[in-house]
Amino acid sequence: MSAVAYYLESAGIATTGISLVRENTKALRPPRFLWVTFPLGRPLGLPGDAAFQRRVVLAALALLDAPSGPVLEDYPEDVPDLPGDDVFACPVRFPPRASGRGRWGSALLEEIALLRPWYALSRERRGRTTVGVAGTLVETLAERLGALLDAPERLPGTLAELTELKRTLADLRAFHEEAVTAQPGDPPWREVRRLLWRESVLGDAMLTLRDRFDASGDPRLRAFTRVLVPRGALED
Amino acid sequence: MVRLSDLPDYEREHLLDKNLGPLGPPAWVPPGTPLRERRVALVTTAGLHRRSDSAFDLTDASYRVLPGDLGAADLVMSHSSVNFDRSGFAEDVNLVFPIDRFRELAEDDVIGGLASNHFSFMGAGLLPEAYEASARDLARILHRDGVDTAFLTPV
């Protein structure tokens with residue numbers, strides 16, 4: 001982000017915007033940024049709160065009047081505490097995890113079948129879905145992922161296969177997260193994360209892949225584990 | 001909260017590892033243009049693109065064009081990092097790409113107007129210098145569109 005700002009500004013385009021990690025922005029010294037304390041993934045702070053988002057945007061735009069720079073200003077407003085996770089109810093009970101059973105494909109499909117009505121509700125309520133990166137049905141993606149997991153000796157060998165795997169997982173995760181947050185309101189993201197990584201078959205599938213890739217000794221597969229499982233996956 | 005002091009050690013160390021020095025002499029466009037006369041483009045590094053566009057590769061310094069009249073339903077995310085929350089983006093695209101807020105600001109004459117197109121990079125896995133060529137290319141496109149200001153959002 002800071003780099004793009006720097007290069008645009010040096011080409012004559014005035015820049016301002018949001019910084020999520022103050023230390024990184026300070027080090028790179030881009031022209032103007034407003035640092036916010038909001039969680040990663042939420043640079044405008046609160047979903048569905050237009051007034052809150054507008055205040056953040058206007059504070060960042062105000063930096064364009066600074067007489068000299070670089071400018072890194074701290075935004076004074078925090079996001080209010082989310083409602084307690086106890087008020088968030090997962091709409092489904094996930095099927096048993098498939099580890100070691102050699103039936104990943106069917107377990108993933110069973111989970112998708114449970115989630116699908118909630119995903120449909122999400123699409124209806126939100127009027128959109130963020131599923132669609134891989135360009136095929138999530139059931140097909142689940143079968144593809146299941147086939148990989150059910151054959152432990154089979155590991156992706158090419159960059160193209162890893163790129164396809166990244167897109168497969170992006171859609172499966174989006175489907176999962178949209179389904180479990182189908183009901184209105186700001187989803188408590190830590191609980192959404194806990195459900196994925198602690199309870200769901202999909203989370204177990206990605207953790208299993210991570211362990212296999214780590215054990216493979218292949219540097220490319222080991223590097224890929226960084227885009228498989230987040231650093232804080234099992235914190236909750 | 002992304003206060004480093006609030007994060008676990010491994011997360012703090014990972015983020016501090018990304019502290020890199022300045023890219024060159026300070027870049028600075030002097031103020032002077034009133035906000036109500038500025039033509040603004042949104043630029044995000046959230047790995048957003050139209051559903052019909054090619055997804056971002058694992059590492060990728062190119063950008064995708066987000067047409068000014070793009071509807072939220074046509075927007076997807078193929079960011080490589082898994083270390084941020086996506087449920088907020090699923091709930092409201094403006095949380096990452098505040099297009100509706102900027103349409104309102106244009107409507108209210110707070111800003112002069114919006115660019116014909118907005119743009120998305122995917123900020124992950126590359127050193128800052130990797131973005132120079134595509135960012136400078138983007139600057140030329142913005143100038144041709146009469147854009148004088150870019151509003152940048154990370155993810």
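Which side chain of chain B meets the side chain of R125(A) in a salt bridge? Select R125(A) and E91(B) in this predicted model: the side chains of these two residues form the salt bridge, with a distance of 3.0 Å from N to O. Across the interface of chain B and chain A, the rule finds five salt bridges.

At least two residues of the side that touches chain A come from each of α1 (9–16), β4 (75–77), α2 (87–91), α3 (99–107), α4 (132–144) and β7 (149–153) of chain B. Select α4(B) in particular, for this helix gives the most to that side, with seven residues. Now colour the touching side of chain B by residue type: 51 of its residues are nonpolar, 15 are polar and 17 are charged.

Move on to β7(B) and select it together with strand β1 (residues 14–19) of chain A. The two strands run parallel and are joined by four bridges. Within this pairing, show T16(A), which stands opposite F151(B) in β7(B).

Finally, display both chains together. The contact involves 87 residues from chain A and 83 residues from chain B. Between them the chains bury about 7,500 Å², of which 62% lies on carbon and sulfur atoms. Polar contacts may be displayed as well: the rule finds 32 residue pairs in polar contact across the interface, both residues at pLDDT 80 or more.

Methods
Residues numbered from 1 in each chain as written. Chains lettered and ligands numbered in written order. Predicted model: local features only at pLDDT ≥ 70, side-chain atom pairs only at ≥ 80, totals over all residues. Heavy atoms only, no water. Contact = heavy atoms within 4.5 Å. Buried area = accessible area lost by both parts, 1.4 Å probe. Salt bridge = Lys/Arg side-chain N within 4 Å of Asp/Glu carboxyl O. Polar contact = N/O pair within 3.5 Å; in protein donor to acceptor, adjacent residues only side chain to side chain. Nonpolar A, V, L, I, M, F, W, Y, C, P; charged D, E, K, R; others polar. Pairing = 2+ DSSP bridges.
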